[in-house]
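Let us walk through a protein model step by step. Keep the sequence and the structure side by side as you read.

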Amino acid sequence: MKFLEPMIIAFSMYSKIPMPRIEWNKENMKYTMCFFPLIGVVTGAIIYLAGMFLDGNIFSKVHSGRLMFAAVMTLIPVFVSGGIHLDGFMDTMDALGSWGDKEKKLEILKDSHNGAFAVIGICCYFTGSLGVWSEIRTEMLPVVAAGYVISRALSGLAVVTFPAARGNGLVKTFQDGAQKKAVRFTMIVYLILAAGYLYICSPVGMVVLLIIAGAVFGYYYRMSRKQFGGVTGDLAGYFLQICEMALAAVNAGVYAMALWTFVDVPNPRDLQYRLNKWGLLRWDDTDYGARDWLYAYGLLVRYFRKNSKPLTISSDC
């Protein structure tokens, strides 16, 4: 029961997953943040299963279009979390858009009303998310799912490491009541486990995602200190949304770059139709085969001098 109650509180606060009602007190709040990344595990698992279902990997007769796939993938984290992190994202967008001093920005964070910058920010966020998810394929879902754990582990690490912007509020409550060393150690363990999982899925992907997550984490620290004097619950939500978007975008970008540059693959709905007809590699049902111009390209680049610049040649023939 010592750790069951903090886990129930974590899921009750940061998700819409039904949980039994228990008393919240100082004792069972100490380890609540230790279980925050588990919500990311649940979110990632739902993302993976839903993606496999929509892409026809569970039931072959079910195969959604890319827009439907992107819309469902975008909304799943919102439904799981209940939008609590998006609320922080919108409040932060309003505060940053005000260009006021620290006190003014902190005052805006406490305001329950949404301003123009919050609306613009959330519209841009959902539009960007739809675009990112439209480029993600089911083969990438295991890697994408890990991002929901990484973002929450880094967010929990920030709560017990970064200074609080105010002397009260949700973050300050957790900082005062938490076992900081235990929470910090647990967050690091989550990150190590996530890195190990990513290494199994894709060693290169592990390096790239951890670098991107670290860069967003560094931006979060610098921005929160400079603009607000520390972190708040709203800023934690802002970081979570930005981090998840960045990690998903990296996955989408890697796939799109590979598709447009190298790989010639069939459309799952119509094997005769190629998604990229000018790729260097052609997918032939079970394996990749090289196209004729791959060899010509390979011979040419062997004799290119360092820092050579390609010239475009046009012809009317």
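Is Asp-91 buried or exposed? Asp-91 is buried, because its relative accessible area is 5% and buried means under 20%. Keep in mind that this is a predicted model. Asp-91 lies in helix H4. Setting aside residues up to four places away in sequence, Asp-91 touches Ile-108, Leu-109, Asp-111, Asn-114 and Asp-234.

Now step back to the whole chain. The protein chain has 317 residues, and buried residues make up 44% of them. Its secondary structure comes to 12 helices and 5 strands. Next, look at the contacts between residues at least 6 apart in sequence. Of these, 65% join residues at least 24 apart.

Follow helix H4 to its end. Helix H4 covers residues 84–98, and helix H5 covers 102–110. Trp-99 is found in the loop between them. Trp-99 is exposed, because its relative accessible area is 74% and exposed means over 50%. Its backbone deserves a look too. Trp-99 has a positive phi of about 55°, although it is not a glycine.

Next comes the core. The largest nonpolar core holds 76 residues. Six of its residues touch the most other members: Met-73, Trp-133, Ile-136, Ile-150, Phe-217 and Tyr-220. Take Ile-136. Its place is in the loop between helix H6 (116–135) and H7. Ile-136 is buried, with a relative accessible area of 0%. Leaving aside neighbours within four places in sequence, Ile-136 is in contact with Arg-66, Phe-69, Leu-141, Val-144, Ala-248 and Ala-252. Compare its position with that of Met-73.

Not counting residues up to four places away in sequence, Ile-150 touches Leu-191, Ala-194, Leu-198, Leu-210, Ala-213 and Leu-247. Three of these names will come back with helix H9: Leu-191, Ala-194 and Leu-198 are among its buried residues.

Two packed helices are described by the angle between their axes and the distance between the axes. The axes of H7 and H10 come within 11 Å and cross at roughly 30°. The crossing is right-handed. From H7, the contact uses Val-143, Ile-150, Leu-154, Leu-157 and Ala-158. From H10, it uses Leu-209, Leu-210, Ala-213, Phe-217 and Tyr-220. What classes of residue make this contact of H7 with H10? The contact has 10 nonpolar, no polar and no charged residues.

Stay on H7 for one more residue. Ala-145 is found in helix H7. Ala-145 is buried, with a relative accessible area of 13%. Leaving aside neighbours within four places in sequence, Ala-145 is in contact with Gly-40 and Gly-44. Ala-145 and Gly-40 are 105 residues apart in sequence, and their C-alpha atoms are 8.1 Å apart in space.

The last stop is helix H11, residues 233–261, which holds Gln-241. Gln-241 is buried, with a relative accessible area of 8%. Not counting residues up to four places away in sequence, Gln-241 touches His-85, Leu-86, Phe-89 and Tyr-125. Ile-242 is in helix H11 as well. At 25% relative accessibility, Ile-242 counts as partly exposed. Leaving aside neighbours within four places in sequence, Ile-242 is in contact with Phe-89 and Val-216. Ile-242 and Val-216 are 26 residues apart in sequence and 7.7 Å apart in space, C-alpha to C-alpha.

Conventions:
Residues numbered from 1 in each chain as written. Predicted model: local features only at pLDDT ≥ 70, side-chain atom pairs only at ≥ 80, totals over all residues. Heavy atoms only, no water. Buried < 20%, exposed > 50% of the residue type's maximum accessible area, 1.4 Å probe, protein only. Helix = DSSP H or I, 4+ residues; strand = E, 2+ residues; numbered from the N terminus. Core = buried A, V, L, I, M, F, W, Y, C linked by side-chain atoms within 4.5 Å. Contact = heavy atoms within 4.5 Å. Axes fitted to C-alpha atoms, helices over the stretch in contact; angles between N-to-C directions. Left-handed = near helix turned anticlockwise from the far one by under 90°. Nonpolar A, V, L, I, M, F, W, Y, C, P; charged D, E, K, R; others polar.
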